[in-house]
Amino acid sequence: MLDEVDPGRLAVLRVRPGIVLQPAAAGEIARFFLGPLVPTSLIRPKLLPVLPWPRGLRGQIVHADDLADAFARGLLTGATGGLNVATEPLLTRALVADLLGARPFDVPPRAVRGLVSGSWRLHLQPTDAGWIDMAGQVPVMDTGRARGLGWAPARPTREVLREFLAALADGTGTGSPALAPRTPVFGRRPTG
């Protein structure tokens, strides 16, 4: 529908980012996707010996600062239409396992979906299985148009993820209610 808007009447820029990560969002993401029972303090390099990974899952991420840069470039150039924004390389099982120093193994998506669905119904975590379905079907975006505006991510996937996982393990958050540190049931309590 937005493609049918007359550009002479209204300019529309649709920015489509990968998963937006930054250290300040660690508490919010831990609350939303992990719930209070998962000890995020264990999500550190060399502390997880194995990494269970939903077979076929891959995706794209972007640091919040890089996304802001893309927004600014899009607005300042008067771009309209779709603008995909994500870092490189693709986020894969191998990249995450290497970063954590863990041995990866595939888990059937159906089993992950069942675990998420059951834990959601038991109120152990707040995310329903629809998120698993969606994650398994996310297309890989072409960021060529954003790059054509002079945009390039300042941080590659590995750096964004390393910084975010460290914040997740440390229980990082901010004073904002949405970004406040998560209060875990097990493990270290966040300090700030």
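Predicted model: local features only at pLDDT ≥ 70, side-chain atom pairs only at ≥ 80, totals over all residues.

Trainee: What separates arginine 73 and aspartate 69 along helix 2?

Mentor: These two residues form a salt bridge whose closest N and O atoms are 3.1 Å apart. They are separated by about one helical turn, because they stand four residues apart in helix 2, residues 64-77. Arginine 73 counts as partly exposed at 31% relative accessibility, and aspartate 69 is partly exposed at 26%.

Trainee: Which parts does the pair of arginine 147 and glutamate 88 tie together?

Mentor: The side chains of arginine 147 and glutamate 88 meet in a salt bridge at 3.6 Å, N to O. Arginine 147 belongs to helix 6 (residues 144-148), whereas glutamate 88 sits in the loop between strand 5 (81-85) and helix 3 (93-100), so the pair ties together parts that are 59 residues apart in sequence. Arginine 147 has a relative accessible area of 30% and is partly exposed; glutamate 88, with 47%, is also partly exposed.

Trainee: Where do arginine 113 and aspartate 133 lie?

Mentor: Their salt bridge brings the closest N and O atoms to 2.8 Å. Arginine 113 lies in helix 4 (residues 109-121) and aspartate 133 in helix 5, so this pair ties together parts that are 20 residues apart in sequence. Arginine 113 is partly exposed, with 34% relative accessible area, and aspartate 133 is partly exposed, with 29%. Salt bridges may also be linked in a network, and here Asp65, Arg155 and Glu159 are linked in this way.

Trainee: Let us turn to the helices. Which residues of helix 3 are buried?

Mentor: A residue counts as buried when its relative accessible area is under 20%. In helix 3 the buried residues are Leu95, Val96, Ala97, Leu99 and Leu100. Their cover includes strand 3 (50-54), strand 6 (103-107) and helix 7 (157-170). Just after helix 3, glycine 101 takes a positive phi of about 65°.

Trainee: How many residues does helix 7 have, and what covers its buried residues?

Mentor: Helix 7 has 14 residues. From its first C-alpha to its last it reaches 20 Å, close to the 20 Å expected at 1.5 Å a residue. Thr157, Val160, Leu161, Phe164, Leu165, Ala167, Leu168 and Ala169 are buried in this helix. The cover of these residues includes strand 2 (19-21), helix 1, strand 4 (61-63) and helix 3. Just after helix 7, glycine 171 takes a positive phi of about 75°.

Trainee: Finally, which residues form the nonpolar patch on the surface?

Mentor: The patch consists of Phe32, Phe33, Trp131, Met134 and Val138, which together have about 440 Å² of accessible area. Helix 1 (26-33) and helix 5 (130-135) each supply at least two of its residues.

Trainee: Is methionine 134 buried, partly exposed or exposed?

Mentor: Methionine 134, a residue of helix 5, counts as partly exposed because its relative accessibility is 45%. The class called partly exposed falls between the buried limit of 20% and the exposed limit of 50%.

Definitions and conventions:
Residues numbered from 1 in each chain as written. Heavy atoms only, no water. Patch = residues over 30% accessible without salt bridge, like charges linked within 9 Å, V, L, I, M, F, W, Y side chains within 5 Å. Areas by Shrake-Rupley, 256 points an atom, 1.4 Å probe, with all protein chains shown as cover. Salt bridge = Lys/Arg side-chain N within 4 Å of Asp/Glu carboxyl O. Buried < 20%, exposed > 50% of the residue type's maximum accessible area, 1.4 Å probe, protein only. Contact = heavy atoms within 4.5 Å. Expected span 1.5 Å × (residues − 1).
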